[in-house]
Amino acid sequence: AERRSRQRLGEIQAKLRDAQDDLKRRAGDARREQTQRRAAFRAEASHIKEACLQSAACADMRLAACESEAAEAIHGEEEDLEALRHEQQGRLGHHREVAEEATEEVHRAAAAALAAER
């Protein structure tokens with residue numbers, strides 16, 4: 001009976017060692033899987049971050065291009081306005097000359113009319 005009890009104890013201890021070994025193996029497998037998942041997550045996060053940075057860089061370049069186009073358009077409009085201002089000043093100067101000539105003619109005609117009355 002003692003021999004059977006010892007044999008049974010040995011069997012139980014062997015099963016316990018097998019169970020402990022299996023548990024250690026499973027824990028190691030779980031750690032490796034978790035490490036792989038973390039690495040995959042970090043890689044995906046890094047990929048997403050890089051895509052966001054590239055998208056932001058593209059947006060910055062598009063914004064800079066828009067700002068440049070706007071500056072060019074404003075400069076062109078300013079040049080057009082300046083040219084129009086010079087043109088209008090030229091017309092105004094011409095109208096002044098015509099008005100001065102007309103005024104002089106009126107004065108001459110008035111002087112002639114006064115001289116004719118005398």
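Visitor: How many salt bridges does the structure hold?
Guide: Start with the general idea. Side chains of opposite charge can pair when their charged atoms come close. Now the case here, in a predicted model. The structure holds 10 salt bridges.

Visitor: Which residue forms a salt bridge with arginine 25?
Guide: Aspartate 22 does. The closest N and O atoms of the two are 2.3 Å apart.

Visitor: Why are arginine 25 and aspartate 22 separated by about one helical turn?
Guide: Look at the numbering. Both residues lie in helix α1, three residues apart, so about one helical turn separates them.

Visitor: Is arginine 25 buried, partly exposed or exposed?
Guide: Arginine 25 is partly exposed, with a relative accessibility of 45%.

Visitor: What does arginine 32 pair with?
Guide: Arginine 32 forms a salt bridge with aspartate 29. Their closest N and O atoms are 2.4 Å apart. These two residues are also three apart in helix α1, so the separation is about one helical turn. Aspartate 29 has a relative accessible area of 32%, which counts as partly exposed.

Visitor: Which residues are linked in a network of salt bridges?
Guide: Asp22, Arg25, Arg26, Asp29 and Arg32.

Visitor: Where does glutamate 104 find its salt bridge?
Guide: At arginine 108, with an N to O distance of 4.0 Å. Here the spacing is four residues in helix α1, so again about one helical turn lies between them. Glutamate 104 is partly exposed, at 44% relative accessible area.

Visitor: Which residues form a negative surface patch?
Guide: Glu77, Glu78, Glu79 and Asp80 form it. To place the patch, take aspartate 80. That residue lies in helix α1, which covers residues 2-117.

Visitor: Now the cysteines. How many disulfides are there?
Guide: The general idea again. A disulfide is a covalent bond between the sulfur atoms of two cysteines. To count as one, the two sulfurs must be within 2.5 Å. By this rule the count is zero.

Visitor: What is the case for cysteine 66?
Guide: For cysteine 66, the closest cysteine sulfur is in cysteine 58. The gap is 13 Å, too far for a bond. Cysteine 66 counts as partly exposed, with 49% relative accessibility.

Terms used
Residues numbered from 1 in each chain as written. Predicted model: local features only at pLDDT ≥ 70, side-chain atom pairs only at ≥ 80, totals over all residues. Heavy atoms only, no water. Buried < 20%, exposed > 50% of the residue type's maximum accessible area, 1.4 Å probe, protein only. Patch = residues over 30% accessible without salt bridge, like charges linked within 9 Å, V, L, I, M, F, W, Y side chains within 5 Å. Areas by Shrake-Rupley, 256 points an atom, 1.4 Å probe, with all protein chains shown as cover. Salt bridge = Lys/Arg side-chain N within 4 Å of Asp/Glu carboxyl O. Lys, Arg positive; Asp, Glu negative; His and termini not counted. Charge placed at Lys NZ, Arg CZ, Asp CG, Glu CD.
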